[in-house]
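Here is a short briefing to read alongside the sequence and the model. Please keep both open as you go through it.

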Amino acid sequence: MPEPSASATDLSGLVARVVAGEESAARELVERLWPQVIRIVRRHLPRRSSEEDLSQEVFMKVFARLDQWRADQPLEHWVSRVAVNTCLDAMR
């Protein structure tokens, strides 16, 4: 099995700090993942939704379900799935 990249290791540590309740780590996680989330939201944006509102909803779900992320998969992939599913839910 390949070793995780430095970025993946950094994100794992950041997630651990968020789970431990460190507010500055939560802000840092949002800053690191924001470009990815906003790209996904813009591609899947329902016409009546604001991209900022939908992006905030994505991050609320990410933080609420952070304990469901498995460290053996890239955090970015998991967040992407949450973002796409949130957009699909908004279109229904």
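Predicted model: local features only at pLDDT ≥ 70, side-chain atom pairs only at ≥ 80, totals over all residues.

Residues are numbered from 1 along each chain as its sequence is written, and side-chain values use heavy atoms, with hydrogens and water left out.

**The nonpolar core**

- The largest nonpolar core has 23 residues, and those touching the most other members are Leu29, Val58, Val62, Leu75, Trp78 and Val79. (Such a core is a set of buried Ala, Val, Leu, Ile, Met, Phe, Trp, Tyr and Cys residues joined through side-chain atoms within 4.5 Å; buried means under 20% relative accessible area, exposed over 50% and partly exposed in between, with a 1.4 Å probe and protein chains only.)
- At least two residues of this core come from each of α1 (6-19), α2 (23-44), α3 (51-64) and α4 (75-91). (Helices are DSSP runs of H or I with at least four residues, strands are runs of E with at least two, and both are numbered from the N terminus.)
- Helix α4 makes the biggest contribution to this core, giving 7 residues.
- Beyond its neighbours within four places in sequence, Trp78 is in contact (heavy atoms within 4.5 Å) with Val62, Arg65, Leu66, Gln68, Trp69 and Gln73.

**The aromatic pair**

- The structure holds 1 aromatic pair. (Rings of Phe, Tyr and Trp, the last by its six-membered ring, pair if their centres lie within 6.5 Å; planes under 30 degrees apart count as stacked, over 60 as edge-to-face and the rest as tilted.)
- Its partners are Trp34 and Phe59, which are stacked at 6.0 Å centre to centre with 10° between the planes.
- This pair links distant parts of the chain, with Trp34 in helix α2 and Phe59 in helix α3, 25 residues apart.
- Trp34 is partly exposed at 32% relative accessibility, whereas Phe59 is buried at 6%.

**Around Glu51**

- Glu51 lies in helix α3, and its side chain makes a polar contact with the side chain of Arg42 at 2.9 Å. (A polar contact is a pair of N or O atoms within 3.5 Å; within protein, one must be able to donate a hydrogen and the other to accept it, and residues adjacent in sequence count only if both atoms are side-chain atoms.)
- Setting aside neighbours within four places in sequence, Glu51 is in contact with Ile38, Val41, Arg42 and Leu45.

**Salt bridges**

- There are 7 salt bridges in the whole structure. (Each is a side-chain nitrogen of Lys or Arg within 4 Å of a carboxyl oxygen of Asp or Glu.)
- One of them joins Glu28 and Arg17 at 3.9 Å, N to O. Because Glu28 lies in helix α2 and Arg17 in helix α1, the pair ties together parts that are 11 residues apart in sequence.
- Glu28 is partly exposed at 31%, and Arg17 is partly exposed at 31%.
- Arg27 and Glu23 form a salt bridge at 3.1 Å, N to O. These two are 4 residues apart in helix α2, so about one helical turn separates them. Arg27 is partly exposed at 46%, while Glu23 is exposed at 57%.
- Asp72 and Arg70 form a salt bridge at 3.2 Å, N to O. Asp72 is exposed at 61%, while Arg70 is partly exposed at 49%.
- Salt bridges with shared partners join Arg17, Glu22 and Glu28 into one network.
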